Amino acid sequence: MAAPKTQFVCSGCGAVSGKWSGRCEACGEWNTLVEESPNTGVATGPGKVQRKGRIIPLEPLDGDTKDSPRIISKVAELDRVTGGGFVPGSALLLGGDPGIGKSTLLMQASAALARAGNNVVYVSGEEAVAQVRLRAQRLGVEKSPVQLVAETNVENIVTTLQATFKGDKKRPDLVVLDSIQTLWSDAVESAPGTVSQVRASAQAMIRYAKQSGACIVLVGHVTKEGQIAGPRVVEHMVDAVLYFEGENNHHFRILRAVKNRFGPTDEIGVFEMSDTGLKQVNNPSELFLGERHKAAPGAAVFAGLEGRRPVLVEIQALVAESSLGTPRRAVVGWESARMSMILAVLEARCGVRLGGHDVYLNVAGGYRISEPAADLAVAAALVSSLANKPLPDNCVYFGEVSLSGHLRPVSQASARLKEAGKLGFEQATFAKTSELAKTPGMRLNTLESLSDLVVDLVTPGELPSDKNDD
Ligand code: TYD
Ligand code: MG
């Protein structure tokens, strides 16, 4: 009999290839291919008896189906992102960088659920029971009836769950597995953390969830190096994928749904990491605008959207004459290519000379903007800094800038304006749009092109002319 052929699996995207190469052909990542024994695939070949399938009734598309019941965690920001609570019999993946607060979030949710009378089991594969207890004490939830176990073998976990929950305690309501990278199954020979182990362990746990009706939450660390299998191989197996994001040296965290079979994917939850765990942030804008210094040149408030939620953030620019041949450009919290584009449009279409200046751009609070709608606010901050003239301090900005210098309207202008009004802003400058609803108490200034903004903000004498120009 021929020796079984080994295969190579990308730990980033899960693509399978017959031979090793330095770069995954599917996702283009380097050094992510790892060898895997083929016994994790479907067993075929000689000696395998072909079983005759049974007949399954076919169903019409239109029929009565009940809404999935929900287990509400009472952590409102989490429930918002899951679409109204955990769904029994489903599997959810919570991904995020190590140390971002995944275990903290799940411990807080587990404790709240257990206190409300649900059966909650917390399986820790990374930390010993004592460590998990310490965290619970720090969070002030040690009295909550969460059941703990430190175990990494999937078969042991499933057997324990099946033996513990029988009779009238038919199933656990929630099982947290922290983390998927530490789990291993007897069925697979490779080491924990490899693609085949992660996949087999996740499969076993998901099967348990479907059979028992428990909701399982898998924790997955995101790694860029590819040593440990990225949770991406699990993403398509689970019903919902949430990502927990944030900067390690800033205290706010954003929980985002990237896939959800039972709810929307454009909802976010905002938390703040404190000494005693994660606190929910009901009004994210207040968090990002909290330490704002009024009337500083170069600061503009952007009325942004994060999923469906309006978020106001401050964009800070510093434009200073450069002593270097090639001026320095640095951006934190936004795309640097996008800033170069705004600089080019300001130069070419509005006559604002920036070629001899260093330009620094920062989004306050460690927040990261991904919307092009921030273009106008960035431009306003840049012009304000260059002219050394503060912007009106009760004004918000939003709008996309096109290469021709025209402004394009952005979605949900009304929601952005409403949020700005709620936080005491009295003026808004934005790209002309047709969808606008009435916004009482705000002065609206709609613009058609970026040069309108420059004309509004500064008189020509206030802008320095470029010395390198002559
Ligand atoms: P943790 O939940 O262990 O992160 P993850 O499971 O995603 O790896 O949280 C780790 C960080 O959070 C750690 O650096 C300490 C900090 N932390 C607090 O600031 N306050 C707290 O109450 C807790 C429990 C943790
Ligand atoms: Mg953890």
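Modeller: This is a predicted model. Start with Arg-338, which has a relative accessible area of 18% and is therefore buried, since the cut-off for buried is under 20%.

Colleague: Which residue does the side chain of Arg-338 meet in a salt bridge?

Modeller: The general idea is to look for a side-chain nitrogen of Lys or Arg within 4 Å of a carboxyl oxygen of Asp or Glu. Here the partner of Arg-338 is Glu-400, with an N to O distance of 3.9 Å.

Colleague: Where does α8 pack against another helix, and at what angle do the axes cross?

Modeller: The axes of α8 and helix α9 (residues 375-387) come within 10 Å and cross at roughly 60°. That angle makes α8 oblique to α9. The crossing is right-handed. On the α8 side, the contact is made by Arg-338, Met-341, Ile-342, Leu-343 and Leu-346; on the α9 side, by Asp-375, Val-378, Ala-379, Leu-382 and Val-383.

Colleague: How many residues of the contact of α8 with α9 are nonpolar, polar or charged?

Modeller: Eight are nonpolar, none is polar and two are charged.

Colleague: What does α9 do with α11?

Modeller: These two helices pack at an angle of about 35°, and their axes are 10 Å apart. α9 passes α11 in a right-handed crossing. Leu-376, Ala-379, Ala-380 and Val-383 of α9 meet Leu-450, Leu-453, Val-454 and Leu-457 of α11. By class, this contact has eight nonpolar residues, with no polar and no charged ones.

Colleague: Which residues make the contact of α2 with α3?

Modeller: Take the geometry before the residues. The axes of helix α2 (residues 102-115) and helix α3 (residues 129-139) come within 10 Å and cross at roughly 70°. α2 is therefore roughly perpendicular to α3. α2 passes α3 in a right-handed crossing. Ser-103, Thr-104, Met-107 and Gln-108 of α2 make the contact with Val-132, Arg-135, Ala-136 and Leu-139 of α3. The classes are four nonpolar, three polar and one charged.

Colleague: Back to charges. How many salt bridges does a search of the whole structure find?

Modeller: The search finds 15. One of them joins the side chains of Arg-308 and Glu-267, at 3.9 Å from N to O. Arg-308 lies in the loop between β13 (299-306) and β14 (309-321), and Glu-267 in the loop between β10 (252-260) and β11 (268-274), 41 residues apart.

Colleague: Are Arg-308 and Glu-267 buried or exposed?

Modeller: Read each partner separately. Arg-308 is partly exposed, with a relative accessible area of 41%, whereas Glu-267 counts as buried at 12%.

Colleague: Where in the chain are Lys-432 and Glu-448?

Modeller: Lys-432 is in the loop between β20 (427-431) and β21 (443-447), and Glu-448 is in the loop between β21 and α11 (450-457), 16 residues apart. Their salt bridge has its closest N and O atoms 3.4 Å apart. Lys-432 counts as partly exposed at 47% relative accessibility, and Glu-448 is partly exposed at 48%.

Colleague: Which residues are joined into one network by salt bridges that share partners?

Modeller: Glu-77, Arg-80 and Arg-309 are joined in that way.

Definitions and conventions
Residues are numbered from 1 along each chain as its sequence is written. Chains are lettered from A and ligands numbered from 1 in the order in which they are written. This is a predicted model: local features need pLDDT of at least 70, side-chain atom pairs count only at pLDDT 80 or more; totals for chains, interfaces and linings use all residues. Side-chain values use heavy atoms; hydrogens and water are left out. Axes are lines fitted to C-alpha atoms, for helices over the stretch in contact, and angles run from 0 to 180 degrees between N-to-C directions. Helices (H or I, at least four residues) and strands (E, at least two) are DSSP runs, numbered from the N terminus. Angles under 35 degrees count as roughly parallel, over 145 as roughly antiparallel, 65 to 115 as roughly perpendicular and the rest as oblique. A crossing is left-handed if the near helix is turned anticlockwise from the far one by less than a right angle, and right-handed if clockwise. Contact means heavy atoms within 4.5 Å. Ala, Val, Leu, Ile, Met, Phe, Trp, Tyr, Cys and Pro count as nonpolar, Asp, Glu, Lys and Arg as charged, and the others, Gly among them, as polar. Buried means under 20% relative accessible area, exposed over 50%, partly exposed in between (1.4 Å probe, protein chains only).
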